[in-house]
Amino acid sequence: MARSSFLFTSESVSEGHPDKVADQISDAIVDLFLSKDPEARVACETLTTTNLVVLAGEIRGKGIMDVDGAWAPGVKDEIEATVRKVVRDIGYEQDGFHWQKLTFENHLHPQSAHIAQGVDAGADKDEGAGDQGIMFGYASNETPELMPATLQYSHNILKALAAARHSGTEPKLEPDAKSQVTLFYRDGKPVRATSIVLSTQHAPGLSSDDVAAIVKPYVREVLPEGFITNETEWHINPTGSFEIGGPDGDAGVTGRKIIVDTYGGAAPHGGGAFSGKDPTKVDRSAAYAARYLAKNVVAAGLADRCTIQLSYAIGVSHPLSVHVDLHGTGRIDPEVLERELPRMIGGATPRAIREHLGLNRPIYRRTAAYGHFGRAPEADGGFSWEKTDLVETLKALV
């Protein structure tokens, strides 16, 4: 039997965290290639460390690279310019990591022909999944974004601090930061914060008390009224000075923050990262589709919480399984949803998902910090998987 009262914690990391720098670079490369060829195949991994960025992976696309590995004119320069722009936009102009001074290495190469033949559509088959795997989507009605509150607030704290840093309001804050929020749930609903953990890189000479004086007002603004109490424990820069951060303080690699990227531990994860992958990779597109479906189920009032699992095999178009868990809060038979939900997105094939959500567009760099979910749909198609346009169709099933 599920507990009704408990503590739960989620963390987030800022755009300047070394792993998130890597994610943003990888997704900026995805965007660059999709802007040239909407059918481009991209698997781009990034390593960041002290004044060094290294790209590696497999790619294919018209106007990008041919099957023999020859670059189209000017593309290599565009890639390097894109990498440096991401680092500059984040705000890194430090001795140990500077957008102008860093060394850049590009080790991208052509996609394996054996992978291509299994994934590409042909005369006798639809486009297959880019890999095997399981993907999960989740939604909960505990926040307006239909996300776990602990993660949503952790994200929002860091977004608020980043906005203040970029605007010049808080010039003593630096890009690298982490947050962690622990909430007490009563009757399954979050009611107060028991602890706030925040570590942020800062200008030289600040104490932990100095940093706390800067950041606490932003935390209080983000959390709902009454969540911060006299009993809330604060841990602001608990190790003391945090002047050396970002890739200079710790190496960063694409795909190491998959729980931060999704549901903060409140739901299962299939294990596949998102960033650096074009939308034929079901690690990304099917996870977006599962979130889209789960969010619509909760938005339609059919459950307070919903977890959806999809599974795929490389080269096979249709999902091997669809599983719906309403966590005892459902107002509909899950088997009905398991049958009907895939039909609402063209059978949940990789091609149908991409077409339904409009995923073959350069919309991915923005996803690579502060979560892929719980964001507002954007006019150019960004975060299309956050739409709730299936609500009326789902209500009709009851």
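Trainee: Which residues is Ala177 in contact with, leaving aside its neighbours within four places in sequence?

Mentor: Val13, Ser14, His17, Leu158, Ser199 and Thr200. Contact means heavy atoms within 4.5 Å. Before we go on, two notes. This is a predicted model: local features need pLDDT of at least 70, side-chain atom pairs count only at pLDDT 80 or more, and totals for chains, interfaces and linings use all residues. Residues are numbered from 1 along each chain as its sequence is written, and side-chain values use heavy atoms, with hydrogens and water left out.

Trainee: Is Ala177 buried or exposed?

Mentor: Buried, with a relative accessible area of 5%. Buried means under 20% relative accessible area, exposed over 50%, partly exposed in between (1.4 Å probe, protein chains only).

Trainee: Where does Ala177 lie?

Mentor: In strand β8, residues 173–186. Helices (H or I, at least four residues) and strands (E, at least two) are DSSP runs, numbered from the N terminus. Of the 14 residues of β8, 10 are buried, so the rest of the structure largely encloses this strand.

Trainee: How many bridges join β1 to β8?

Mentor: Eight, and the two strands run antiparallel. β1 covers residues 6–13. Ser10 has Val181 in β8 as its bridge partner. Strands pair if DSSP finds at least two bridges between them.

Trainee: And β8 with β9, how many bridges there?

Mentor: 11, again in the antiparallel sense. β9 is residues 189–202. Lys178 has Ser199 as its bridge partner in β9. The hairpin of β8 and β9 has two residues between the strands, and Asp187 takes a positive phi near 55° there.

Trainee: How many residues of α8 are buried?

Mentor: 17 of the 18, so α8 is largely enclosed by the rest of the structure.

Trainee: What about aromatics, how many pairs?

Mentor: The count comes to 10 aromatic pairs. Rings of Phe, Tyr and Trp (its six-membered ring) pair if their centres lie within 6.5 Å; planes under 30 degrees apart count as stacked, over 60 as edge-to-face and the rest as tilted. Take Phe274 and Tyr288: centres 5.5 Å apart, planes at 70°, so that pair is edge-to-face. Phe274 lies in the loop between α7 (258–261) and α8, and Tyr288 in helix α8, so the pair ties together parts that are 14 residues apart in sequence.

Trainee: How do the rings of Tyr288 and Phe373 sit?

Mentor: Their centres are 5.9 Å apart and their planes at 85°, so this pair is edge-to-face. Phe373 is in the loop between α10 (350–357) and α11 (391–395) and Tyr288 is in helix α8, so the pair ties together parts that are 85 residues apart in sequence. Tyr288 and Phe373 are both buried.

Trainee: Which residues form the aromatic cluster?

Mentor: Tyr138, Tyr263, Phe274, Tyr288, Phe373, Phe383 and Trp385 form one cluster.

Trainee: Last one. What does the side chain of Thr48 reach?

Mentor: The backbone oxygen of Pro18, at 3.4 Å. Thr48 is in strand β2 (residues 41–49), and is buried at 0% relative accessible area.

Methods
A polar contact is a pair of N or O atoms within 3.5 Å; within protein, one must be able to donate a hydrogen and the other to accept it, and residues adjacent in sequence count only if both atoms are side-chain atoms.
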